[in-house]
Each structure stands twice: as C-alpha cells, then as structure tokens.
Amino acid sequence: VISVESAPQPQSEFNPVRRAASPLQKLHDEILAFRDVVAPSSTERAAREDAFRTLERAAKSCWPRCEAKVFGSALTKLELPSSDVDVVVFGA
C-alpha cells in the first residue's frame, strides 16, 4: 500500500475568499476583490466623469438631439487607472 500525503497548499497573500459555494463563485469574488485593489481613486473617477461631461456638451453643441453614452470597462467599473473611457454618440 502506497500512502501519499498531500503537501500543504501555500496560501496566497491575495486570497480574499477562502471558501465559496463553487469554483465559479470563488472566481467571481476574487475578480471583484482584485477590482477593488486596482480601481481608480474617487478623484480619478471624478476626472473621467468631468471629461465625459465636457465631451457630451461639445457633441450636443454640434448635434443638439444626440445622446452620449459610456460603455466598456468604465461603465462596468472594471477599469484600471490607466484605462481609457469608451464613449459612443448616437444621433449625430
């Protein structure tokens, strides 16, 4: 009879979720925790919002009935501090 003892698993320093209902739930929770670690500051987010509002006003000055929308990582709040802001203008 061969007995194999499993070696203790090293614990990662970044392990916000020790137990989860399923591997997918654990992955989900870890992605959200990672997002919280690398997310832009409130000042950076405010600057992005100001930039969007400036662009929106410029678009409306050319096309008064247009609508500007943010999409992508800025919309889902998964952006990094170095990410761009994706914007589409409808009705131009």
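What is the accessible surface of the chain, and how much of it belongs to carbon and sulfur atoms? The surface comes to about 7,400 Å², and 59% of that belongs to carbon and sulfur atoms. The model on screen is a predicted one.

**Whole chain**

Colour by relative accessibility next: of the 92 residues, 13% are buried. For contacts, take the pairs of residues at least 6 apart in sequence; 39% of these contacts join residues at least 24 apart. A search of the whole structure for salt bridges returns 6. The stops below visit some of them.

**Stop 1: Lys26 and Glu30**

Select residues 23–38, which form helix 1. Show the side chains of Lys26 and Glu30, which meet in a salt bridge with an N to O distance of 3.6 Å. Lys26 counts as partly exposed because its relative accessibility is 23%. Glu30 has a relative accessible area of 23%, so it is also partly exposed.

**Stop 2: Arg35 and Asp36**

Move on to Arg35 and Asp36. Their side chains form a salt bridge at 3.1 Å, N to O. Arg35, at 24%, counts as partly exposed.

**Stop 3**

Now select residues 42–62, which make up helix 2. Display Arg53 and Glu56, joined by a salt bridge whose closest N and O atoms are 2.8 Å apart. Why are Arg53 and Glu56 separated by about one helical turn? They are 3 residues apart in helix 2, and therefore about one turn lies between them.

The accessibility classes of this pair can be checked by colour. Glu56 counts as buried because its relative accessibility is 18%, and buried means under 20%. Arg53 has a relative accessible area of 36%, so it is partly exposed.

Which residues are linked here in a network of salt bridges? The network consists of Glu49, Arg53 and Glu56.

Methods
Residues are numbered from 1 along each chain as its sequence is written. This is a predicted model: local features need pLDDT of at least 70, side-chain atom pairs count only at pLDDT 80 or more; totals for chains, interfaces and linings use all residues. Side-chain values use heavy atoms; hydrogens and water are left out. A salt bridge is a side-chain nitrogen of Lys or Arg within 4 Å of a carboxyl oxygen of Asp or Glu. Helices (H or I, at least four residues) and strands (E, at least two) are DSSP runs, numbered from the N terminus. Buried means under 20% relative accessible area, exposed over 50%, partly exposed in between (1.4 Å probe, protein chains only). Contact means heavy atoms within 4.5 Å. Accessible areas come from the Shrake-Rupley method with a 1.4 Å probe; for residues, only the protein chains shown count as cover.
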